[in-house]
Amino acid sequence: MSSVLVPDIRQACVEPRHIDGEPERVRRIRAQAAERFQALGWPTTRLEEWKYTSLVPLAAIDWKTDERQPEGQDPALPFGDRPVAELTFVNGRLHTNRSALANEHPGIRILPIREAMETESFGQHFARYADYERHALTALNTALWQDGAYVEIAPGTAVEGFIHLLYVGDGNAGHPVMSHHRNLIVAGRGCQITVIESFSGKGTYFTNTVTEIVAGDGAVVDHYKFENESIEAFHIGTVQVHQERSSNVTSRTIATGGGLVRNEINVALTGEGATLSMEGLFVLSGRQHVDNHTLIDHVAPHCDSLELFKGILDGNARGIFDGRIIVEPDAVKTSSRQTNRNLLLSETAVVDSKPSLEIHNDDVKCNHGSTIGQLDEEALFYLRARGIGEEEARNLLVYAFASETVERMKIDVVRENAGRALFSRMPRLKAEGRGQKAEGGLR
Amino acid sequence: MLDIKNLHAGIDGKEILKGLTLRVGMGEVHAIMGPNGSGKSTLANVLAGRPKYNATSGTVTYLGKDLLALPAEERAREGVFLAMQYPVEIPGVNNIYFLKAALNSVRKHQGLEELDAMEFLQLAREKMKLVEMDETFMNRSVNEGFSGGEKKRNEIFQMAVLDPKLAILDETDSGLDIDALRIVAEGVNALRSEQHSVLVITHYQRLLRYLVPDFVHVLADGRIVKSGGKELAEELEQKGYEWIEDEVLAAR
């Protein structure tokens with residue numbers, strides 16, 4: 001019985017982490033979250049929300065945080081010097097050499113979150129949206145978060161360019177290493193901002209990340225997530241979005257990496273006339289397992305949401321799209337469309353598609369659907385009949401399937417980077433000359 | 001150029017071509033006519049190498065090579081072009097990018113230098129005029145959202161760019177209005193030369209008014225049952241196919 005009292009993450013028992021100068025509210029939340037994690041335990045496949053994904057391999061490892069200060073190693077920066085601001089985290093800790101804050105820009109406030117805990121917005125918004133009462137991994141993150149980004153954009157500020165948050169996992173820490181990032185993005189009334197989160201790394205490690213985004217009245221927020229973790233890594237990521245009146249949020253997720261991955265994106269449309277465009281693309285091979293879990297909650301009237309997730313699976317990969325849309329009783333005049341399309345490139349790849357709509361009033365326009373298919377043989381023949389080799393023709397068609405999501409990305413450097421990431425990871429796209437084709441295909 | 005001898009072929013084990021023999025010389029235009037179900041499209045697809053269409057016996061020799069032994073892309077690179085009856089829509093594949101990749105794989109195979117983007121665009125613009133195609137088509141996905149006539153014109157445009165030695169037109173004329181028909185015929189006429197041969201497969205004689213063939217063959221029940229000059233097409237138009245079928249039956 002005494003083992004219950006000894007902190008052991010495998011038993012869902014953790015000591016809440018505390019940071020120097022932490023406000024009392026944060027200490028209290030961390031303690032509550034640790035209790036909730038213990039009470040909830042690791043999610044099992046008996047839970048409807050986790051029915052396709054077993055965390056047994058993750059929960060079997062005695063993960064510890066990496067307490068060393070990142071130094072020496074220079075993570076590659078995918079966007080060069082293009083971001084207006086950039087924060088790099090290695091194993092959950094800020095890499096100060098590789099981070100540039102843009103606080104000389106009026107209206108933009110970017111801080112490591114551990115230095116932002118006294119701000120008014122932090123007090124107002126932190127942990128208000130990501131639900132640590134019911135979600136075990138969010139509770140774990142809330143109890144243990146080490147650092148992250150705090151981004152606050154003043155009302156009416158249009159940020160040109162984008163803010164980049166880069167997370168690097170390093171599995172060579174001498175022990176199984178876990179990282180818990182916590183981000184808070186507060187976009188004030190009528191502002192405009194683009195935030196990109198990229199995940200990469202090497203070896204075996206466990207990333208557990210929570211990003212809360214508040215889009216104020218009329219704010220325009222674009223959020224991109226590039227999940228390109230090491231193939232041996234575990235990644236649990238939650239993006240929690242709170243949309244106010246007439247706000248406009250674009251969410252793009254591209255998942256190409258990781259061994260066992262859960263991408264959770266939850267959006268609440270709480271103000272009238274808010275719009276959401278959510279797209280995801282997962283490109284898997286080998287034994288990768290990627291579970292995309294989305295929730296769009298239409299709370300207020302006159303909101304639009306458009307959701308499209310696409311999967312490309314080869315080898316023995318397993319992909320999941322579990323998307324739920326709820327239209328609350330007051331959310332009249334809701335327009336909502338949800339689509340999941342999957343392309344299977346091998347006979348052993350598996351995809352589970354579970355789109356669902358829950359409508360609680362009768363004045364809405366909603367539809368959803370999903371497809372699972374193989375490459376179009378007719379199209380393949382058409383290309384070959386014009387002289388294009390079979391391998392190249394397959395590549396073209398696979399890329400074509402993915403391209404709409406990539407091509408709708410508004411920032412050139414981001415779109416190009418996404419194209420390159422896809423081509424480098426697409427199982428059948430590894431032949432020579434690929435880079436060129438990627439760029440050609442992107443135009 | 002093309003020598004088909006006693007070709008038996010079909011799809012899914014069903015024999016459709018039952019001993020077809022045909023010779024197409026360099027620079028000649030041959031029309032193959034015949035009623036529905038006679039095997040016209042099967043012939044086109046067997047020649048182009050469409051999967052599932054298999055030859056069970058007979059030979060097809062193209063410029064001295066065993067055509068049936070080559071995969072579809074090799075046939076295209078050797079200069080065989082099939083203008084499809086039902087051009088497929090390929091969302092996400094850009095028309096101009098696709099055609100440049102196709103042309104360069106053909107050129108590479110033939111030992112010619114690949115064209116760069118500028119050279120290709122220049123060529124494409126020139127050929128677009130030929131088929132009266134708007135340049136905006138080029139930046140759209142292959143055939144996506146094209147009308148029936150636009151799809152057929154796109155086939156002829158591709159043919160003009162790829163400059164094949166043997167062009168096979170599989171019912172390119174069906175469903176076209178008179179303007180589109182004229183454009184298609186002009187596209188093919190522009191290709192005609194002593195080095196280019198054309199096989200026009202059609203149900204109707206209409207197209208042959210603009211695209212005058214050197215030889216006309218009638219295909220019935222998987223065999224060429226009658227061959228003649230361009231006047232045979234007119235006879236078929238007036239009398240229909242029944243008299244041929246009667247003749248064939250009578251001969252058995």
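The legends below describe close-up views of a predicted model.

**View 1. The two domains of chain A and the contact between them.** The domain assignment divides chain A into domain 1, residues 2-271, and domain 2, residues 375-443. Taken over C-alpha atoms, the centres of domain 1 and domain 2 of chain A are separated by 31 Å. Where they meet, 12 residues of domain 1 of chain A are in contact with 9 residues of domain 2 of chain A. On the side of domain 1 that touches domain 2, the elements giving two or more residues are strand E8 (192-202), strand E10 (220-227) and strand E12 (248-255) of chain A. Sorted by class, this side of domain 1 has 7 nonpolar, 3 polar and 2 charged residues.

**View 2. Helix H6 of chain A, a helix with a bend.** Helix H6 of chain A covers residues 390-407, and its 18 residues reach 24 Å from the first C-alpha to the last, which is close to the 26 Å expected at 1.5 Å a residue. At A:Phe401 the helix H6(A) bends by about 40 degrees. A:Phe401 is also one of the buried residues of H6(A), and among the others are A:Ala393, A:Asn395, A:Leu396, A:Tyr399 and A:Val406.

**View 3. The contact between chain A and chain B.** This contact takes 19 residues from chain A and 20 residues from chain B. On the side of chain A that touches chain B, two or more residues are given by each of helix H5 (377-384), H6 and helix H8 (434-442) of chain A. The residues on this side of chain A divide into 8 nonpolar, 5 polar and 6 charged.

**View 4. The largest nonpolar core and A:Ala187.** The largest nonpolar core has 192 residues, of which A:Ala187, B:Ala167 and B:Ile168 touch the most other members. The element that gives the most to this core is H6(A), with 9 residues, and the core draws at least three residues from each of domain 1 (2-271) and domain 2 (375-443) of chain A. Not counting residues up to four places away in sequence, A:Ala187 touches A:Ile153, A:Ile193, A:Val214, A:Ala215, A:Gly216, A:Ala219 and A:Val221. In soluble globular proteins, nonpolar side chains tend to be buried together.

**View 5. Helix H5 of chain B and the elements around it.** Because 11 of its 15 residues are buried, H5(B) is largely enclosed by the rest of the structure. Its buried residues include B:Lys152, B:Arg153 and B:Glu155 as well as B:Ile156, B:Phe157 and B:Leu162. The elements against which the buried residues of H5(B) pack are strand E6 (80-83), helix H3 (95-109), helix H4 (117-130), strand E9 (166-170) and helix H6 (178-191) of chain B. After H5(B) comes B:Asp163, with a positive phi near 50 degrees.

**View 6. A:Arg17 and its partners from elsewhere in the sequence.** A:Arg17 lies in the segment before helix H1 (24-40) of chain A, and it counts as partly exposed because it has 15 C-beta neighbours inside 10 Å. Although A:Arg17 and A:Leu144 are 127 residues apart in sequence, their C-alpha atoms are 5.0 Å apart in space. Leaving aside neighbours within four places in sequence, A:Arg17 is in contact with A:Arg30, A:Ala143, A:Leu144 and A:Gln146.

**View 7. A:Phe89, a buried residue in a strand.** A:Phe89 belongs to strand E2, residues 85-90, of chain A, and it is buried, with 28 other C-beta atoms within 10 Å. A:Phe89 and A:Val168 stand 79 residues apart in sequence, yet from C-alpha to C-alpha they are 6.1 Å apart in space. Residues up to four places away in sequence not being counted, A:Phe89 touches A:Leu94, A:His95, A:Asp147, A:Tyr167, A:Val168 and A:His181.

View 8. Most residues other than glycine have a negative phi. B:Asp12, however, has a positive phi near 50 degrees, and this residue sits in the loop between strand E1 (2-11) and strand E2 (14-24) of chain B. With 7 C-beta neighbours inside 10 Å, B:Asp12 counts as exposed. B:Glu132 has a positive phi of about 50 degrees although it is not a glycine, and its place is in the loop between H4 and strand E8 (141-142) of chain B. B:Glu132 has 14 C-beta neighbours inside 10 Å and therefore counts as partly exposed.

How values were computed:
Residues are numbered from 1 along each chain as its sequence is written. Chains are lettered from A and ligands numbered from 1 in the order in which they are written. This is a predicted model: local features need pLDDT of at least 70, side-chain atom pairs count only at pLDDT 80 or more; totals for chains, interfaces and linings use all residues. Helices (H or I, at least four residues) and strands (E, at least two) are DSSP runs, numbered from the N terminus. The expected span of a helix is 1.5 Å times one less than its number of residues. The bend at a residue is the angle between axes fitted to the seven residues ending there and the seven starting there. A residue is buried if 20 or more other C-beta atoms lie within 10 Å of its own, exposed if 12 or fewer, and partly exposed in between; C-beta atoms are placed from the backbone. Two residues are in contact if their C-beta atoms, placed from the backbone, lie within 7 Å. Ala, Val, Leu, Ile, Met, Phe, Trp, Tyr, Cys and Pro count as nonpolar, Asp, Glu, Lys and Arg as charged, and the others, Gly among them, as polar. A nonpolar core is a set of buried Ala, Val, Leu, Ile, Met, Phe, Trp, Tyr and Cys residues joined through C-beta atoms within 7 Å. Domain bounds come from an automatic or database domain assignment.
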